[in-house]
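Welcome! Let us walk through a protein chain together, starting with its overall layout and then turning to a few of its residues.

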Amino acid sequence: MQSTTSIRPPFTFETAVAKVRAAEDAWNSRDPHRVSLAYSEDSEWRNRSQFVRGREQIREFLADKWEKELEYRLTKSLWSFTDNKIAVRFQYEYHNADGQWFRAYGNELWEFDDEGLMQRREASINDVSIEEVQRKFHWSAPGPRPEDDAGIPNVA
């Protein structure tokens, strides 16, 4: 398994797909420290209506997120890429402390520095309440999505 930072711009189709999968695997670990290492020290995020800057704030944001979003499972899919930018579609499922399940749908725009660290992340996300029987993502978690799992249906 490649780390997200071993994959550097300029991206090809193959390296962009690998970068997306490496990011998905890291997020599915639910390890804020591991995930934060893929971002530059001064990385800037917009996540929904929140603005986050730098690795320390990213770690704090993720730790708080995964305390509230229980049994989190994420899948990402490459949408488009250029030399140093990648656009991604994603879905993830989680439940809150009351046991209500949600599926989040979103898009991310990523910009990378020459070292392969993400220096900018723009995320637009919508949550939809679902019943537990409507869940699509059932692999063991935390951990990566199995290689034979299709991810987001009907999206490469």
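Reading from the N terminus, the elements of the chain follow the order α-α-β-β-α-β-β-β-β. That makes three helices and six strands. Please keep in mind that this is a predicted model.

**The chain as a whole**

How far does the chain extend along its principal axes? The C-alpha trace spans about 45 × 35 × 25 Å. A compact globule of 156 residues would have a radius of gyration near 15 Å, and the chain agrees with this because its own value is 15 Å. Of the 156 residues, 48% count as buried. The chain exposes about 8200 Å², and carbon and sulfur atoms supply 49% of that area.

Contacts tell you how the sequence folds back on itself. Among the contacts in the chain with a separation of 6 or more, 57% come from residues 24 or more positions apart.

You can find 22 positive and 28 negative side chains here. The centres of these two sets lie 2 Å apart.

**A hairpin and its neighbours**

Now find strand 1, residues 39–47, and strand 2, residues 50–53. In which sense do strand 1 and strand 2 pair, parallel or antiparallel? The pairing is antiparallel and runs over four bridges. The hairpin has two residues between the strands, and Arg-48 takes a positive phi near 60° there.

Asn-47 belongs to strand 1 and stands opposite Gln-50 in strand 2. Is Asn-47 buried or exposed? Asn-47 has a relative accessible area of 5%, so this residue counts as buried, the cut-off being under 20%.

Which residues does Asn-47 touch, once its neighbours within four places in sequence are left aside? The contacts are with Phe-61, Arg-121, Ala-123 and Ile-125. Take Arg-121 as an example: Asn-47 and Arg-121 are 74 residues apart in sequence, but their C-alpha atoms are 7.8 Å apart in space.

**Backbone angles to look for**

Here is some background before the next stop. Most residues other than glycine have a negative phi, and most peptide bonds are trans. With that in mind, look at these two residues, which are not glycine.

| Residue | Phi | Relative accessibility |
|---|---|---|
| Arg-30 | near 55° | 23% |
| Glu-71 | near 55° | 37% |

Where do you find them in the chain? Arg-30 sits in the loop between helix 1 and helix 2 (32–36), while Glu-71 is part of strand 3, residues 70–81. Arg-30 counts as partly exposed at 23% relative accessibility, and Glu-71 counts as partly exposed at 37%. Both phi values are positive, as given for Arg-30 and for Glu-71.

The peptide bonds hold something to look for as well. Which form does the bond from Pro-9 to Pro-10 take, cis or trans? This bond is cis, with omega near 0°. Pro-10 lies in the segment before helix 1, which covers 13–28.

Further along, Ala-141 and Pro-142 are joined by a cis peptide bond, with omega about 0°. Pro-142 is placed in the segment after strand 6, which covers 118–130.

**Back to the picture**

Conventions. Residues numbered from 1 in each chain as written. Predicted model: local features only at pLDDT ≥ 70, side-chain atom pairs only at ≥ 80, totals over all residues. Heavy atoms only, no water. Rg over C-alpha atoms; globule rule 2.2 N^0.38 Å. Buried < 20%, exposed > 50% of the residue type's maximum accessible area, 1.4 Å probe, protein only. Contact = heavy atoms within 4.5 Å. Areas by Shrake-Rupley, 256 points an atom, 1.4 Å probe, with all protein chains shown as cover. Lys, Arg positive; Asp, Glu negative; His and termini not counted. Charge placed at Lys NZ, Arg CZ, Asp CG, Glu CD. Pairing = 2+ DSSP bridges.
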